[in-house]
Amino acid sequence: MYGLLLEAMYDYIKSNLSEEEWLEIVSLSGIQQSNFVTHACYSESLIGQVAEATAEMSGLTLDQILENLGAHFVTFVSRYGYDTVLKVLGRNVRDFLNGLDNLHEYLRLSYPKMMAPSFSCDNETPSGLMLHYRSKRGGFTYYVMGQIRQVGLIFYNTEIEIEIVRNTVSNKVHHVILKLHFDNKGFSLSSGKVNQTDLPMMKSVTFFRCFPFHVVFGRDMLIRHVGTSLQSLLPDLVNTRLDHKFELTKPLVEFTYENIMAYTNNIFYMQSTSEIDRRTRTSAPTSDKSQQKCKISFLNRDWLITLIANKKSAL
């Protein structure tokens, strides 16, 4: 966990309690320091420890403190210019929520060790939507709820009521379904559908030459075609299943065609199940696995194409 979150927590406590009370919270929570560095990494348990001690000092419940901390985090980071980033995520609340994973991807440039959550929306209506929040961390649901409410108020002048529908854990991933009630001005019946355009056609051979790292696959997840550069590294991909040759590391969902379709606005991270020898550029049992950043695009209603942008440290 980066110090930025802990700095915001300290700022909230300082704004609502005295310095003496903060020092007592430090003592109650058992943490070893009272000052934090923005880009330094700290224990994942610190926020929970301090939140519990703050709840004891203030008389509020732990859930109330966490929600207040989440709301204050939005206000705090706005002082450092992050409000500009938040404002361009969308013209309305629904666009902002659909762009949350892309926001975390952008923040990874400054915080490379960030363990970011995943978000997706469904069951959208003019009066709200369902937000799926997935994370490898537990205990941050109310913190996230506070952030969402504050973003709605500050950037979109919109009040958001939130209720927890379900909270489950599977394969060490916490999956929380939140029902958001708000004036969903951005909702339209065509939302989420693939729009057909009148763009000129391009021959597949030309397209594939432009993207030497690509994978074409169908509803059955069977790989039909790969780019020449990718094939030179992983020559046995064609006619095998995409989910057998790659592991999906982001978003934090099961690697299925249906989930891919639900996350087409997100950037995917896939890790090859085969290891690649960086010296010979061939598969090798003793080499490192490579994680690839990719974007899913449509060829037609039955076919998808994965455009892979490899890292300098990978391929």
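## Helix packing and an open sheet

Helices α3 (residues 46-58) and α4 (residues 62-78) pack at an angle of about 115 degrees, with axes 9 Å apart. Axes are lines fitted to C-alpha atoms, for helices over the stretch in contact, and angles run from 0 to 180 degrees between N-to-C directions. Helices (H or I, at least four residues) and strands (E, at least two) are DSSP runs, numbered from the N terminus.

This is a predicted model: local features need pLDDT of at least 70, side-chain atom pairs count only at pLDDT 80 or more, and totals for chains, interfaces and linings use all residues. Residues are numbered from 1 along each chain as its sequence is written, and side-chain values use heavy atoms, without hydrogens or water.

In α3, Ile47, Ala51, Glu52, Thr54, Ala55 and Ser58 meet Leu62, Ile65, Leu66 and Leu69 of α4. Contact means heavy atoms within 4.5 Å.

Now the sheet. It is open, has four strands in the order β1-β2-β4-β3, and pairs antiparallel. Two strands pair if DSSP finds at least two bridges between them. β1 and β3 stand at the edges, each with a single partner strand, so one side of each lacks a neighbour in the sheet. Twist averages 20 degrees from one strand to the next. Eight bridges join β2 to β4. Serine 135 has histidine 174 in β4 as its bridge partner.

| β1 | 118-125 |
| β3 | 161-170 |

Helix α8 (residues 141-156) has 16 residues. Just after α8, asparagine 157 takes a positive phi of about 50 degrees.

Notes: Expected span 1.5 Å × (residues − 1).
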